[in-house]
There are 2 protein chains.
Amino acid sequence: MDSARETVRLIGLDWGSSSLRGWLFDASGRILDERSAPLGILAVRDRRFDRVFERFCADWLAERPTLPVVASGMIGSRQGWREAAYLATPASLDALAGALLDLDEVAGRRFRIVPGLVTRSASGAPDVLRGEETQVFGALCSSANTATTDDGVDRLFVLPGTHSKWVATQGTTVTGFRSWMTGELYAVLREHSILGRMFAEATDPDAAGAMAAFDDGVDRALTAPGALAHLLFTVRTEGLLGERAADRQPAYLSGLLIGAEIADALRVFGGRSAASGATPLASPTIVASASIAGRYRRALLRAGVDAQIADGASAAPGLFAIAFRSGLLA
Amino acid sequence: MDSARETVRLIGLDWGSSSLRGWLFDASGRILDERSAPLGILAVRDRRFDRVFERFCADWLAERPTLPVVASGMIGSRQGWREAAYLATPASLDALAGALLDLDEVAGRRFRIVPGLVTRSASGAPDVLRGEETQVFGALCSSANTATTDDGVDRLFVLPGTHSKWVATQGTTVTGFRSWMTGELYAVLREHSILGRMFAEATDPDAAGAMAAFDDGVDRALTAPGALAHLLFTVRTEGLLGERAADRQPAYLSGLLIGAEIADALRVFGGRSAASGATPLASPTIVASASIAGRYRRALLRAGVDAQIADGASAAPGLFAIAFRSGLLA
């Protein structure tokens with residue numbers, strides 16, 4: 001532990017709605033220790049985030065009480081510790097690092113919160129993300145750690161989830177992004193609509209039959225863009241007419257929603273790619289757990305897009321890169 | 001009542017999921033009496049539909065116990081009294097009248113149930129309706145009662161609801177239709193998703209501000225077909241950023257969903273119209289309550305379509321026309 005005491009330099013926290021993950025870094029961004037707990041902001045009913053933080057990091061802080069801390073995710077939302085205002089796109093890694101919220105009330109400690117991002121679509125409607133910016137910078141930096149230079153290359157990241165995000169970058173700048181309610185639509189339709197009433201749990205969601213149902217959903221959504229609210233109803237009609245087994249319907253619904261997201265994303269980011277002359281769409285990077293990433297990769301292949309899957313959690317290198325650029329390690 | 005005893009000829013029932021409506025007809029289709037009760041099939045927990053029917057129509061039956069009965073709606077579904085199998089499109093009024101389910105167990109009485117319709121979209125997915133076929137035939141017949149002749153004219157009917165239906169007809173034949181989960185999506189998103197958490201009830205949903213929010217939703221959905229799952233998320237982002245008041249968000253959500261339905265419907269039925277050389281899209285007929293019909297008419301106008309609104313409930317003339325064509329009054 002003597003050597004550790006010398007080298008620990010930063011605590012990084014990915015503090016979301018349902019979970020809290022933490023990493024202890026050395027000066028080069030190497031992870032010395034990590035942990036997670038179901039202590040997302042929704043679980044902190046008394047809003048004593050300071051106490052949760054002190055307890056979660058107790059041994060790390062005991063070792064070196066003045067360790068700086070950088071946190072991303074919903075902890076910076078209005079429902080979190082304190083709101084870190086959204087930064088507008090285009091937003092570079094340096095701009096983000098320069099816009100950290102200084103949570104000065106954590107006495108004697110440099111505690112910073114990463115702001116979310118805001119962008120506007122052609123319609124004028126705003127779109128926001130919070131936490132994903134750190135994952136994207138992490139994915140950008142994960143191979144080269146803090147050494148990442150702005151190579152100016154166009155890239156596209158796919159972050160599936162309750163509110164899926166596709167994030168376009170150029171070098172180390174987020175140029176735009178777009179959200180879809182894919183995961184939440186799946187959950188509310190399954191739990192609360194007429195569609196879920198006929199569902200049976202698939203014994204094996206990765207079985208060939210379930211995958212074929214998923215593919216059907218993807219193909220129909222890709223073939224009929226704009227038909228989502230109609231196609232959702234076909235989950236019911238196929239069930240009513242005995243044309244799809246109850247244990248295949250969840251996969252079909254999932255395919256419809258993911259297919260509709262991909263069709264819309266290809267429309268939006270396909271145009272952008274053509275405009276810049278680059279082809280980020282040719283190989284977007286999926287940032288997700290293995291099973292979700294596999295589904296998106298499968299669905300993207302049906303749309304003719306060959307995506308790669310980022311390895312592992314990418315919040316950690318993102319937190320380190322942001323802290324490093326902000327001067328927090330100096 | 002003596003004259004009534006002479007002239008009553010038919011009981012018509014529109015028996016849906018949540019309500020039961022009934023009409024007493026004379027030989028020419030004139031309505032002599034009518035009533036309704038919250039006795040939809042979901043309210044009949046013991047499934048003793050026979051008892052509910054006898055009680056609901058007790059005085060009508062006392063007057064003339066052998067009155068024939070025709071019923072449409074969910075009473076003919078698997079969850080209803082007995083399932084009346086779906087008839088495939090194209091389905092003429094005469095074909096439908098010839099395919100009534102004979103509920104022979106209602107002793108000593110001719111009791112018939114109108115079947116629903118099934119169609120298939122280009123994707124191969126089935127689509128169904130049950131009850132709306134009777135409303136459409138009612139709207140077709142309401143001016144001329146039973147005298148309707150097959151004029152071969154293309155028409156388009158819009159039936160908004162939990163599961164909205166657009167029904168295309170040629171003369172007195174239903175040539176096709178399409179469903180959208182518009183109403184149910186609105187309800188589940190409002191009650192069970194993150195979107196509804198910020199909603200406030202509009203003091204007056206018809207106020208200029210709420211109508212402007214509705215129009216915004218319609219316009220955005222019409223402008224970005226295929227973007228529905230993204231646009232839904234803008235309800236939240238606009239709320240988060242203070243760009244739309246909480247009491248305007250329900251109208252905006254409603255506009256997005258209705259706009260997306262209309263954009264998809266124009267794509268599907270617009271092509272059909274061009275193919276047949278007719279222009280049913282130029283003036284579709286909305287069959288709905290006044291307030292819902294007004295919203296759809298307003299949204300359609302923003303898409304450049306001038307719809308007319310059918311007057312009143314149209315199930316009654318539909319039930320009479322179907323019974324007449326089936327020979328049930330003979």
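Colleague: In this predicted model, at what angle do the axes of helix 5 and helix 11 of chain B cross?

Modeller: Helix 5 of chain B spans residues 132-141 and helix 11 of chain B spans residues 315-326, and their axes come within 6 Å of each other. Angles of 65 to 115 degrees count as roughly perpendicular, and the two helices are therefore described as roughly perpendicular to each other. The crossing angle of these axes is roughly 90°.

Colleague: How many charged residues are there in the contact of helix 5 of chain B with helix 11 of chain B?

Modeller: On the side of helix 5 the contact includes B:Phe137 and B:Cys141, while on the side of helix 11 it includes B:Leu319 and B:Ile322. The residues of this contact divide into seven nonpolar and four polar, and the number that are charged is none: no charged residues.

Colleague: What kind of axis relates the two copies, chain A and chain B?

Modeller: Chain A is superposed on chain B, with an RMSD of 0.1 Å, by a rotation of 180° with 0.0 Å of shift along its axis. The two copies are thus related as by a two-fold rotation axis.

Colleague: Which residue of chain A comes closest to the rotation axis, and which helix gives the most to the lining of the largest cavity?

Modeller: The residue of chain A that comes closest to the rotation axis, at 1.8 Å by its C-alpha, is A:Gly226. A:Gly226 is also among the residues lining the largest cavity, which holds about 60 Å³ of space. With three residues, the helix that gives the most to this lining is helix 9 of chain B.

Notes: Residues numbered from 1 in each chain as written. Chains lettered and ligands numbered in written order. Predicted model: local features only at pLDDT ≥ 70, side-chain atom pairs only at ≥ 80, totals over all residues. Heavy atoms only, no water. Axes fitted to C-alpha atoms, helices over the stretch in contact; angles between N-to-C directions. Helix = DSSP H or I, 4+ residues; strand = E, 2+ residues; numbered from the N terminus. Parallel < 35°, antiparallel > 145°, perpendicular 65-115°, else oblique. Contact = heavy atoms within 4.5 Å. Nonpolar A, V, L, I, M, F, W, Y, C, P; charged D, E, K, R; others polar. Least-squares fit on C-alpha atoms with pLDDT ≥ 70 in both. 1 Å grid on protein atoms, 1.4 Å probe; cavity = no way out; pocket = protein on both sides within 12 Å on 5 of 7 lines; lining within 4 Å. Points joined across faces, edges and corners; volume = space filled by probe spheres on them.
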